[in-house]
Amino acid sequence: MIVVEDDGDIAAMLTDILETEGYASVAVSDSTALNGQLDRRPDLVVLDLRLTRGGPDSILSSLRGRGMGDVPILLLSAANDLPQRAHELGIAQYLAKPFELDEFLLIVRDMV
């Protein structure tokens, strides 16, 4: 799994949670760093909607460019327009921050 999150504390928390649950995970902060992790197809990408460098469009473009446009994506954000943005991006699964750990893990389990 790849966590794309530019807040280091949140990225570390999410990767720690995923690893505790038995998922191999790595955190990156933008599409450039993501490209360096795409030597293998990820089972899931956990993506923050509001990245300071690049954004979901750039991440989705990177995945598509490597033939990975069908990799499941879980979109995270505290933005009020999260459902609308997820729909515009073609991302079915999203979760509003702050979220409950159990809810996050339930969604992750359902997606992988």
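## Close-up views of a predicted model

**Figure 1. Helix H3 is followed by Gly 67, a residue with positive phi.** In this predicted model, the phi of Gly 67, which follows H3, is positive and near 75 degrees. Most residues other than glycine have a negative phi.

**Figure 2. The buried residues of helix H3 line one face of the helix.** The buried residues of H3 are Pro 56, Ile 59, Leu 60, Ser 62 and Leu 63. Viewed down the helix axis, these residues fall within an arc of 155 degrees, and they therefore line one face of H3. An α-helix has 3.6 residues a turn, so residues three or four places apart point the same way. Elements that cover the buried residues of H3 include strand S1 (2-4), helix H2, strand S3 (45-48), strand S4 and helix H4. On the face turned away from the buried side, H3 carries the exposed residues Asp 57, Arg 64 and Gly 65.

Figure 3. Helix H4 spans residues 82-89, and its buried residues are Leu 82, Arg 85, Ala 86 and Leu 89. After H4 comes Gly 90, with a positive phi near 80 degrees.

Figure 4. Arg 85 belongs to H4, and Asp 57 belongs to H3. Arg 85 has a relative accessible area of 19% and counts as buried because the cut-off is under 20%. Asp 57, by contrast, is among the exposed residues of H3. Apart from residues up to four places away in sequence, Arg 85 touches Leu 49, Pro 56 and Asp 57. With neighbours within four places set aside, the contacts of Asp 57 are Arg 85 and Leu 89. Asp 57 and Ser 31 are separated by 26 residues in sequence and by 9.4 Å from C-alpha to C-alpha.

Figure 5. Beyond its neighbours within four places in sequence, Pro 56 is in contact with Leu 47, Leu 49, Arg 85 and Leu 89. Of these, Arg 85 and Leu 89 are among the buried residues of H4. The C-alpha atoms of Pro 56 and Thr 32 are 12 Å apart, and 24 residues separate the two in sequence.

**Figure 6. Leu 49 is a buried loop residue.** Leu 49 lies in the loop between S3 and H3 and is buried, with a relative accessibility of 4%. Not counting residues up to four places away in sequence, Leu 49 touches Pro 56, Leu 75, Leu 76, Ser 77, Ala 79, Asp 81, Leu 82, Arg 85 and Leu 89. Leu 49 and Ile 17 are 32 residues apart along the chain, with 20 Å between their C-alpha atoms.

**Figure 7. The loops on either side of strand S5 contain Ala 92 and Pro 98.** Ala 92 is located in the loop between H4 and S5. This residue is exposed, with a relative accessible area of 68%. Pro 98 is located in the loop between S5 and helix H5 (101-111). The peptide bond from Lys 97 to Pro 98 is cis, and its omega is near -10 degrees. Most peptide bonds are trans.

Figure 8. The volume of the largest pocket is about 230 Å³. Its lining consists of Met 1, Ile 2, Ala 24, Ser 25, Val 26, Gln 37, Asp 39, Arg 40, Arg 41, Pro 42 and Asp 43. Five of the lining residues are nonpolar, two are polar and four are charged.

Figure 9. The mean pLDDT of the chain is 93, and 100% of the residues score at least 70. Helix H2 (residues 31-35) has the lowest confidence, with a mean of 87, while S5 has the highest, at 97.

Conventions
Residues are numbered from 1 along each chain as its sequence is written. This is a predicted model: local features need pLDDT of at least 70, side-chain atom pairs count only at pLDDT 80 or more; totals for chains, interfaces and linings use all residues. Side-chain values use heavy atoms; hydrogens and water are left out. Buried means under 20% relative accessible area, exposed over 50%, partly exposed in between (1.4 Å probe, protein chains only). Helices (H or I, at least four residues) and strands (E, at least two) are DSSP runs, numbered from the N terminus. On a 1 Å grid over the protein atoms alone, a cavity is a set of points where a 1.4 Å probe fits but cannot get out, and a pocket is an open set with protein on both sides within 12 Å along at least five of seven lines; lining residues have an atom within 4 Å of a point. Grid points are joined across faces, edges and corners, and a volume is the space filled by probe spheres set on the points. Ala, Val, Leu, Ile, Met, Phe, Trp, Tyr, Cys and Pro count as nonpolar, Asp, Glu, Lys and Arg as charged, and the others, Gly among them, as polar. Contact means heavy atoms within 4.5 Å. pLDDT is the predictor's confidence in each residue, from 0 to 100. The arc is that of the directions from the helix axis to the C-beta atoms.
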